[in-house]
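Thank you all for coming. I would like to walk through one chain this morning, so please have the sequence and the model open while I talk.

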Amino acid sequence: MGLSNPLTEEEEAAMVAELGQLRQEHRDLDAAIAALEQVGTPDRLQLQRLKKRKLHLKDRMSLLEDLLTPDIIA
């Protein structure tokens with residue numbers, strides 16, 4: 001028996017919506033990073049910030065995916 005309470009439908013819907021937004025932003029950052037890297041001399045600081053933001057989004061997406069995936073005890 002788990003100690004955590006199951007998510008309400010509203011909480012789950014909100015998390016799914018946020019996850020969708022984060023995935024879209026992650027894809028947009030991919031495109032922005034690729035475009036910036038194709039420039040002759042990319043702005044390294046801006047590139048570093050974009051990559052850091054992308055990593056933060058990835059961490060948040062992983063957290064939400066973990067919360068949305070039910071624990072299965074075999």
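Let me begin at one residue: does Ile72 count as buried or exposed? Ile72 counts as exposed, at 75% relative accessibility, where buried means under 20% relative accessible area, exposed over 50%, and partly exposed in between, with a 1.4 Å probe and protein chains only as cover. Before I go further, a word of caution: this is a predicted model, in which local features need pLDDT of at least 70 and side-chain atom pairs count only at pLDDT 80 or more, while totals for chains, interfaces and linings use all residues. Residues are numbered from 1 along each chain as its sequence is written, and side-chain values use heavy atoms, with hydrogens and water left out.

Ile72 sits in the segment after helix 2, and helices here are DSSP runs of H or I with at least four residues, strands being E runs of at least two, numbered from the N terminus. From C-alpha to C-alpha, Ile72 is 36 Å away from Leu50, although 22 residues separate the two in sequence. Leu50 itself belongs to helix 2, which covers residues 44-68, and Leu50 counts as buried, with a relative accessibility of 18%.

Now to the annotation. The UniProt record, an unreviewed entry, places a "coiled-coil region" over residues 19-67, given in the numbering used here with feature names shortened, and I would remind you that such annotations may be inferred rather than shown by experiment.

Searching the whole structure gives 5 salt bridges, a salt bridge being a side-chain nitrogen of Lys or Arg within 4 Å of a carboxyl oxygen of Asp or Glu. One of them joins the side chains of Arg60 and Glu18, at 2.9 Å from N to O; because Arg60 lies in helix 2 and Glu18 in helix 1, this pair ties together parts that are 42 residues apart in sequence. Arg60 is partly exposed at 30% relative accessible area, and Glu18 is partly exposed at 26%.

Another salt bridge is formed by Glu65 and Arg23, whose closest N and O atoms are 2.8 Å apart. That pair links distant parts of the chain, with Glu65 in helix 2 and Arg23 in helix 1, 42 residues apart. Glu65 counts as partly exposed at 31% relative accessibility, as does Arg23 at 36%.

Arg53 and Glu25 form a further salt bridge, with 3.0 Å between the closest N and O atoms. Since Arg53 is in helix 2 and Glu25 in helix 1, the pair ties together parts that are 28 residues apart in sequence. Arg53 is partly exposed at 35% relative accessibility, and Glu25 is partly exposed with a relative accessible area of 28%.

Finally, let me turn to Glu9, which lies in helix 1, residues 9-38, and is exposed, with a relative accessible area of 69%.
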